[in-house]
Amino acid sequence: MNVPVTRRDAVLGIAAAATLLAVPSILRAQSAGRVVVVGGGFGGAACARALKRADATLQITLIEPNKTFTSCPFSNEVIAGLRDIEAQQFGYEKLKADGITVVPQAATTIDAQKRSVTAADGAAFAYDRLVLSPGIDFHFEALPGYDDATSEKMPHAWKAGAQTLLLRRQLEAMPDGGTVAIAIPANPSRCPPAPYERASLIAHYLKTKKPRSKVLILDGKDSFSQQRLFEKAWKELYGDMIERIALSQGGRVTSVDPATRTIVTEFGNYTPDVANVVPPQRAGRIAGIASAADATGWCPIDPVTFESKLVQNIHVIGDACLGGGIPKSAAAASAQGKACAAAIVNLLAGRAPDTPRLTGVCYNIVAPGYGFSLAGNYQPKGDIFAEIEGGATSPVDAPRELRAREATEAERWFQTITADTFG
Amino acid sequence: MAALINVPAKARRGDVIEIRTLTSHIMETGFRHTADGALVPRDIITSFMCRYNGTEIFRADLFPAIAANPYLSFFTVAKESGKFEFEWIGDNGYSSSASAMITVE
């Protein structure tokens, strides 16, 4: 039976046990802490599992409204018709089997004083440490005309699931000779190279099925991750099918009009046949409710423990945190989840946390059998994570065999991270 | 690409309108050195001007701290139909111009 203990009870328990020279098993039972994790994506699920593996006596609760997780990595392949959405979906059964309590509810309020999280159904969960891994939400105020209703007409497909399938259907319905526009926000945003991977795979779909069509990128940035690799691949594979209007060419999108499917930039209007608009982003809503997000919309953290700089005993991992040099990605969220778990285990035991060293890897598939990658290592430096040596990017000039091998490695990476997180 | 201009094609008399301009320019500060230590000479736009039917309505001086591809946006009152003329002047005899028409009703 699990009797909820307050922190004071636990502390008194340890003191009493110590004076009575208690048997170690009692000491362990009494010192077990309660950790609540909000958000069951690559960050939250990895963190919950790592906590349970590090100390089976910890009481771990994972609050996540979706019964099935849909992965963003590889969802661009779903859009391009190269993969079924089912291959992206994972359940929480194995986490439950690990002894993690999975609550299929949205977290709605957080009381940092009482250390309690309330779910949508009213249930309250007390914690010693809270981990927020809420991912992103869209910053609709930053893009006039865009909201949830608009996303049904001009899909973002930036949270995998129904939106992914909607964009795929729109591509399938588009006549040959049409234009697909992709509007890309400035950083920070989730998975910075992903819009360019998407442009590539949409071009692949069009080249195969609707060869007179075009991809138009309206970009809020001048330069982007792995740009030379992408641009070389585009030229090689798709000729002039992909056109990009960068920030300094007037590519920044300032508003949209869903009634006419118009994308308005600082210097022009575009009415594409398919409008994939990725809005500006910020930390998931619950981070704001917890007062863990600052004026940027993201969450400042201590990079050693991932503890919020704004609220005590709350840790923020994944896309929602201000990670400095670490790009917001599934690999980074997973690595952060594990490092955060290690820090929490130490903090609950009264030990000093170790300094984490994180590795992030990012694969991009620009056509079936054509991939490249970026790997980076990161360590705390002051208030943020800084990239340290040991990172690598695929060479710009490389034979197709290497691109094919990297595409295979990408698939293997996906199998590994999803098995590690959900399997 | 020379310059991008955004002037409303139409406006009502008395409307406050926004004008946006963006021009491609390296805006080399003159403070940077090459790998072998040589100073990279300054190459910036130093001045921007906008005329509305011949009358100067906006002017800006630009300095080395301004980033490449300077973007300037400003407001004016739509008084009469006619022409906006834009001019950028810079180091090494740099000069560039553009224009846009407006109909005021």
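Reader: What radius of gyration does chain B have, against that of a compact globule of 105 residues?

Author: This is a predicted model, in which local features need pLDDT of at least 70, side-chain atom pairs count only at pLDDT 80 or more, and totals for chains, interfaces and linings use all residues. Residues are numbered from 1 along each chain as its sequence is written, with chains lettered from A and ligands numbered from 1 in the order in which they are written. The radius of gyration is taken over C-alpha atoms, and the globule rule is 2.2 Å times the number of residues to the power 0.38. A compact globule of 105 residues would be near 13 Å, but chain B has 16 Å.

Reader: What percentage of the residues of chain B count as buried?

Author: The C-alpha atoms of chain B fill a box of roughly 60 × 20 × 20 Å along the principal axes. A residue is buried if 20 or more other C-beta atoms lie within 10 Å of its own, exposed if 12 or fewer, and partly exposed in between, with C-beta atoms placed from the backbone. Of the 105 residues of chain B, the buried share is 19%.

Reader: How many helices and strands are there in chain A?

Author: Helices (H or I, at least four residues) and strands (E, at least two) are DSSP runs, numbered from the N terminus. Chain B has 0 helices and 8 strands. For chain A the counts are 12 helices and 22 strands.

Reader: What is the radius of gyration of chain A?

Author: The C-alpha atoms of chain A fill a box of roughly 80 × 45 × 40 Å, taken along the principal axes, and 48% of its 423 residues count as buried. The globule rule gives 22 Å for 423 residues, and chain A is close to that value, so it is as compact as a globular protein of that length. Its radius of gyration is 23 Å.

Reader: How many residues of chain B are in contact with chain A?

Author: Two residues are in contact if their C-beta atoms, placed from the backbone, lie within 7 Å. Chain A contributes 5 residues to the contact with chain B, and the number from chain B is 7.

Reader: At what angle do the axes of helix 3 and helix 12 of chain A cross?

Author: Axes are lines fitted to C-alpha atoms, for helices over the stretch in contact, and angles run from 0 to 180 degrees between N-to-C directions. Angles under 35 degrees count as roughly parallel, over 145 as roughly antiparallel, 65 to 115 as roughly perpendicular and the rest as oblique. The axes of helix 3 (residues 42-54) and helix 12 (residues 400-422) of chain A come within 8 Å and cross at roughly 55°. That makes helix 3 of chain A oblique to helix 12 of chain A, the crossing angle being roughly 55°.

Reader: Why is helix 11 of chain A largely enclosed, and how many of its residues are buried?

Author: Helix 11 (residues 330-348) of chain A reaches 27 Å from its first C-alpha to its last. Helix 11 of chain A is largely enclosed by the rest of the structure because, of its 19 residues, the number buried is 15.

Reader: Which residues does A:Ala290 contact, leaving aside its neighbours within four places in sequence?

Author: A:Ala290 lies in the loop between helix 10 (285-289) and strand 19 (314-316) of chain A. It counts as buried, with 25 C-beta neighbours inside 10 Å. Beyond four places in sequence, its contacts are A:Ile110, A:Ala112, A:Leu132, A:Val311 and A:Ile314.

Note on methods: The expected span of a helix is 1.5 Å times one less than its number of residues.
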